[in-house]
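These are my notebook entries on a structure that I had not examined before. I record what I looked up, in the order in which I looked.

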2 protein chains.
Amino acid sequence: MRDVCIIGVGMNDWGELWDLSLRTIWTQAALAALADAGVDKVDAMTVGCMSGGLFVGQEHLGALLADELGMAGIPATRVESACASGGVALRTGFLEVASGLADVVLVTGVEKMTDCSNDEATAALATAADQEWEVFPGATFPGLYAMMARAHMAAFGTTREQMAMVAVKNHANGIHNPHAQYRRAVTVDEVLNGTMVADPLTVLSCSPITDGAAAVVLSDKETARRLAKGRPLVRIAGVGLATDRMALHNRADLTALNAVTAAAQKAYAMAGVTPEAIQVAEVHDCFTIAEIMIIEALGFVPRGQGGPATAAGETGLGGRIPVNPSGGLKSKGHPVGATGVAQAVEVTLQLRGEAGARQVAGARIGLTQNMGGTGASSVVHVLEVIP
Amino acid sequence: MRDVCIIGVGMNDWGELWDLSLRTIWTQAALAALADAGVDKVDAMTVGCMSGGLFVGQEHLGALLADELGMAGIPATRVESACASGGVALRTGFLEVASGLADVVLVTGVEKMTDCSNDEATAALATAADQEWEVFPGATFPGLYAMMARAHMAAFGTTREQMAMVAVKNHANGIHNPHAQYRRAVTVDEVLNGTMVADPLTVLSCSPITDGAAAVVLSDKETARRLAKGRPLVRIAGVGLATDRMALHNRADLTALNAVTAAAQKAYAMAGVTPEAIQVAEVHDCFTIAEIMIIEALGFVPRGQGGPATAAGETGLGGRIPVNPSGGLKSKGHPVGATGVAQAVEVTLQLRGEAGARQVAGARIGLTQNMGGTGASSVVHVLEVIP
């Protein structure tokens, strides 16, 4: 299997972009990544998008967007795994280069979520859960995560304050990210006293609806060396994708994210590292409880200790294992198909030492973790600087 | 790059399956392919589906269907390229094995198209075209293909009778396919005098709305040899994926399918063959004119000769290059995400000599060609029997 490097990254300014279309924001991100890589053509392309059909009434995004970029002709594949679509797009692009079928691949993620009504967006997002067994009987997405939060509180004594600290930390980080949707601090009181969405999750416990796109350029190692121009070389050292039972009621334990653990174990084994080696991580904090459960599933903290570790500052910018320096889904925004790719953008910037005020000092090895639905799918990548 | 073989194939009985759900028909096909391969677990899975969101209100099909099969845990990727989704799922499964990340991969395609109204199905299919520049101004999908047919008639003198012969041939073949949706003959007169959909295309010039699923099991060559049990070994010798301008008005020539030609050239080069070597082909006859343009784009006949060659019987079962022995999309049906995988099912059966009354005698090398939209994406695979 060939080595695969990330040679360029880019994203647009995320937010509620009423005056821009899906193809426009996608092109902004793609052009930024190509410029950063210093290439003007690629051998293939992947597009992560959860639901072009339901959000904007447009499928066939691979061909459409290759054309939009002036690259009609290249192989283009759209992949989907709900909110993990971007991470899966990265893994599929990895396969293109690793197999030898392509040398340079443009990996992208995009979601345009504000071109439909709020009800339509909520219904579109709910297609990440089991329609027949969860959504049709009346469960909402925040409702499913609220049940997971309740189970975690019951099993481990996790508190509302600890969960709120995830939002406080990620908003504090996002202030320093020029592409983030919400560049403002929030306090524990504001999170706790926000409008209740699904008890114990208030509106500030949830990631927002976002329009956004992100892109990275992958290449084989030789091409990466040729184009490095003195910048640190970032390699994808480990790749893991896994699934879990789709519906919550089929899982033996609501407090465990088995797909995250399985994906991480694959990625760690492939990279030859343990969780202790990871110096910076971008994880899927779609709800505050999710980040707490994820840092446990990744092995950053012991089972049940996600809440106390967060409250103790272990995952803060100066902490033992900084998590979501970009602001995470909470502050940066969560255009579902783009999120997994944007995580790779952030960790690449961190490993290059180009993350500005949110830089994790001396980071040489990092991780991205992207998740679909209530954890029925998860993708983990381990990235490292190589000589 | 590792060699990749097809070691199992399966599909359900296609049709308007009012009493079966997407997950049920998918599971029928998946279990049939696993049984045919003689395996009960796989390392990864791909799902080709055009629009789970618009047809049945369910995305996240990778995780959902892995779970449905009792295989929650495995990496599962859903891919989409409109009506070429199945072909792209096959290519993505190929990458999993070729890269070395997996040894045994279940490749599947599915579409459940009758759980919504006819208007909703028509709208869902139209998302394969450019919504902003083609569909919103009023073009229908048959209307776009009718324009391509008109251009072909004007440029080359292709006749309505020649186009009708595509339907006659494919329905004649489909009679012998136990899984086909319409197992009955049609005559040139019936095609010509059918209800007009978009002049010159009548209702019998168009492929139907279909519920269906198909699956193949891929493996590396060593695993394939171990499981062959005396059956011929079928290898994926060539793989090609390409795109073209999305909207018809941006193409220099409405009578050329550039993505088909580009995908075929890649697949031929990788397999080390020329079009003359192909002994049996399954191609994307979504409309009768499409098959005529495709056999030209693949190099089976000279430009402009698709009509006369069809009328002369060159593509019939006993002809020079038999095309769509399965019945094609016209007779077998066209559950859009499943079609590309079902093409691989048929060519594998042909190369194994297991195609019964529709067997192409002595076929050792075959081709599948799957297409999205009006040809904005196309996937070609060359399959061959190896010693």
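Entry 1: Is B:Lys229 buried or exposed? I found B:Lys229 to be exposed, as 6 other C-beta atoms lie within 10 Å. The scale I used calls a residue buried if 20 or more other C-beta atoms lie within 10 Å of its own, exposed if 12 or fewer, and partly exposed in between, with C-beta atoms placed from the backbone. Phi of B:Lys229 is near 50 degrees, a positive value in a residue other than glycine. I located B:Lys229 in the loop between helix H10 (221-227) and strand S8 (233-243) of chain B. Helices (H or I, at least four residues) and strands (E, at least two) are DSSP runs, numbered from the N terminus.

**Entry 2: conventions.** I noted that this is a predicted model, in which local features need pLDDT of at least 70 and side-chain atom pairs count only at pLDDT 80 or more, while totals for chains, interfaces and linings use all residues. Residues are numbered from 1 along each chain as its sequence is written, and chains are lettered from A and ligands numbered from 1 in the order in which they are written.

**Entry 3: a histidine with positive phi.** In chain A I looked up A:His60, whose phi is near 60 degrees, a positive value in a residue other than glycine. A:His60 sits in the loop between helix H2 (52-56) and helix H3 (61-68) of chain A. A:His60 is buried, because 30 other C-beta atoms lie within 10 Å.

**Entry 4: cis peptide bonds.** I found a cis peptide bond between A:Asp199 and A:Pro200, with omega about 15 degrees. A:Pro200 belongs to the loop between strand S5 (196-198) and strand S6 (201-202) of chain A. In chain B, the bond from B:Asp199 to B:Pro200 is cis, with omega near 15 degrees.

**Entry 5: strand S11 of chain A.** Which strands does S11(A) pair with? I counted a pair where DSSP finds at least two bridges between two strands. Strand S8 (residues 233-243) of chain A is joined to S11(A) by 10 bridges and runs antiparallel to it. Strand S10 (residues 365-372) of chain A is joined to S11(A) by 8 bridges, and this pair is also antiparallel. A:Ser378 in S11(A) is the bridge partner of A:Ala242, and A:Ser378 is likewise the bridge partner of A:Met371. The hairpin of S10(A) and S11(A) has 4 residues between the strands, and A:Gly373 there takes a positive phi near 60 degrees. Strand S11 (residues 377-386) of chain A is mostly covered, with 8 of its 10 residues buried.

**Entry 6: domains of chain A.** I took the domain bounds from an automatic or database domain assignment. Chain A is divided into domain 1 (4-117 + 210-227) and domain 2 (127-205 + 237-386). The contact takes 36 residues from domain 1 of chain A and 33 residues from domain 2 of chain A; residues are in contact if their C-beta atoms, placed from the backbone, lie within 7 Å. On the side of domain 1 of chain A that touches domain 2 of chain A, H4(A) gives the most, with 8 residues.

**Entry 7: the two copies.** I noted that chain A can be laid on chain B with an RMSD of 0.0 Å by a turn of 180 degrees and a shift of 0.0 Å along the axis. The two copies are therefore related as by a two-fold rotation axis. The superposition is by least squares on the C-alpha atoms of residues with pLDDT of at least 70 in both.

Terms used: Two residues are in contact if their C-beta atoms, placed from the backbone, lie within 7 Å.
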